[in-house]
Amino acid sequence: MSEESDLEKTEPATARRLEKAREEGQVVRSRELGTFMMLMTGVFTLWLFGGTLGRQLNMAMHAGLAFEPATAFDTHRMLSQFAVMIWDCLLVFLPILLIFAVAALVGPLALGGWLFSTKSFAPDFTRLSPLKGIGRMFSTQALVELAKAVAKSLLVGGVASWMLWRRLPEAIALMSAPVNEALLHMAELVLYVCGVVAGSLLLVAAIDVPWQMWTFYKKLRMTKEEIKQEMKESDGDPHIKARIRQQQRAIARRRMMAEVPKADVVVTNPTHFAVALKYEEGRMSAPRVVAKGADEVAARIRELAAEHRVPILSAPPLARALHRHVDIGHEIPSGLYTAVAEVLAWVFQLKNWHYSNGPQPGGPTELFVPDELAVPESRA
């Protein structure tokens, strides 16, 4: 069961998978959104520039139909006049074409952003397979596209019929109106009906955009095994990384243990924790922790301290506080100055005792540890 679950594409695509799909030219696209934006742009452009466009085209038509006998017998003059007519028409349609070009770019940019990928032009001969073609014809995506086309046709046809039925008396009344007035009102009527029909496609786009996004991200889903493999490729094999970390810890531990013989004292819990302290007057502003550990590491610190005759003091509250709050190589906090000073004073007394015949000095028994640094034994 675990192997089957690892092979099921249940995990969302990672950022690397999405970036790879983008490089291959795969982004979210909605043709319905592009169609809606293009149609609404056309309606808005005709509404905005319709009057100017009509007048300029009328002038161009009059100029083109004007007949001059001299032009009929002069080929160069005829071609020159024709070129002028073409240029005038292009200038008339140029703003409209620019607006349509912007709309054609904004539609795709609204979802997938700007993308230019040469991999999209690479030939894919698998698309020539008849079996795969038949499979695509009867796939879920094809059925959805068919249902969407039928629904869109019914929607557009229904809205257009409803609008024409409402405006039918107005359209019939134009038959008795003067020609220029009738043409103007008919253009306004057609533009209004087209605007409403194009606006109805917003419902189709509102349904199609979430569907396209859902199918796109579903297609890019990954199995747990693929995610593991991707992590190995990007971050390296976790087993190798764990081994490297283990070796790094071992090297750091050996370096730490090398500092134990140089320590001034080792404070213990007495068995669970061990912290080695060192203080060099003039070079350190406060005593410093040079080694610390728990359980087996603490036992090794005590062994090294005994081998090199480093004093060992059993002071559980102080050992717990040092182990919890001070990192290796760092100086002790000011709240522990008093307690550590008593420990170092005892160490100094021990050194003097080795050169005298007096009784061995006893270690400090009641060391003050502030409440904010104290660590209860149950949490140690």
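## The loop at Asp-295

Asp-295 sits in the loop between strand S3 (288-294) and helix H11 (296-307). Helices (H or I, at least four residues) and strands (E, at least two) are DSSP runs, numbered from the N terminus. The model is predicted: local features need pLDDT of at least 70, side-chain atom pairs count only at pLDDT 80 or more, and totals for chains, interfaces and linings use all residues. Residues are numbered from 1 along each chain as its sequence is written, and side-chain values use heavy atoms, without hydrogens and water.

Asp-295 is not a glycine, yet its phi is positive, about 55°. Most residues other than glycine have a negative phi. Asp-295 is partly exposed, at 47% relative accessibility. Here buried means under 20% relative accessible area, exposed over 50%, and partly exposed in between (1.4 Å probe, protein chains only).

## The loop at Arg-309

Arg-309 lies in the loop between H11 and strand S4 (312-314). Arg-309 also has a positive phi of about 55° without being a glycine. Its relative accessible area is 77%, so Arg-309 is exposed.

## Two nonpolar cores

A nonpolar core is a set of buried Ala, Val, Leu, Ile, Met, Phe, Trp, Tyr and Cys residues joined through side-chain atoms within 4.5 Å. The largest one has 24 residues. Leu-277, Leu-318, Leu-322 and Leu-336 touch the most other members. Two or more residues come from each of strand S1 (265-268), strand S2 (273-278), helix H12 (316-325) and helix H13 (337-353). H13 gives the most, with seven residues.

What does Leu-336 contact, leaving aside its neighbours within four places in sequence? Its partners are Leu-318, Ala-321, Leu-322, Val-369, Pro-370 and Leu-373. Contact means heavy atoms within 4.5 Å. A second, separate core has 15 residues, including Met-256, Ala-263, Val-266 and Leu-304.

## A nonpolar surface patch

Phe-82, Ile-86, Trp-87, Leu-90, Leu-91, Leu-94 and Leu-98 make a nonpolar surface patch of about 720 Å². Such patches use residues with over 30% relative accessible area and no salt bridge, with nonpolar side chains (Val, Leu, Ile, Met, Phe, Trp, Tyr) joined within 5 Å and like charges within 9 Å. A salt bridge is a side-chain nitrogen of Lys or Arg within 4 Å of a carboxyl oxygen of Asp or Glu. Trp-87 belongs to helix H5 (residues 75-109). Trp-87 counts as exposed, at 53% relative accessibility.

## Annotated segments

The unreviewed UniProt entry annotates residues 33-53, 85-111 and 189-211 as "transmembrane region". Residues 33-53 are 100% helix and 0% strand, with end C-alpha atoms 27 Å apart. Residues 189-211 are 100% helix and 0% strand, with end C-alpha atoms 34 Å apart.

Technical notes
Accessible areas come from the Shrake-Rupley method with a 1.4 Å probe; for residues, only the protein chains shown count as cover. UniProt positions are given in the numbering used here, feature names are shortened, and annotations may be inferred rather than shown by experiment.
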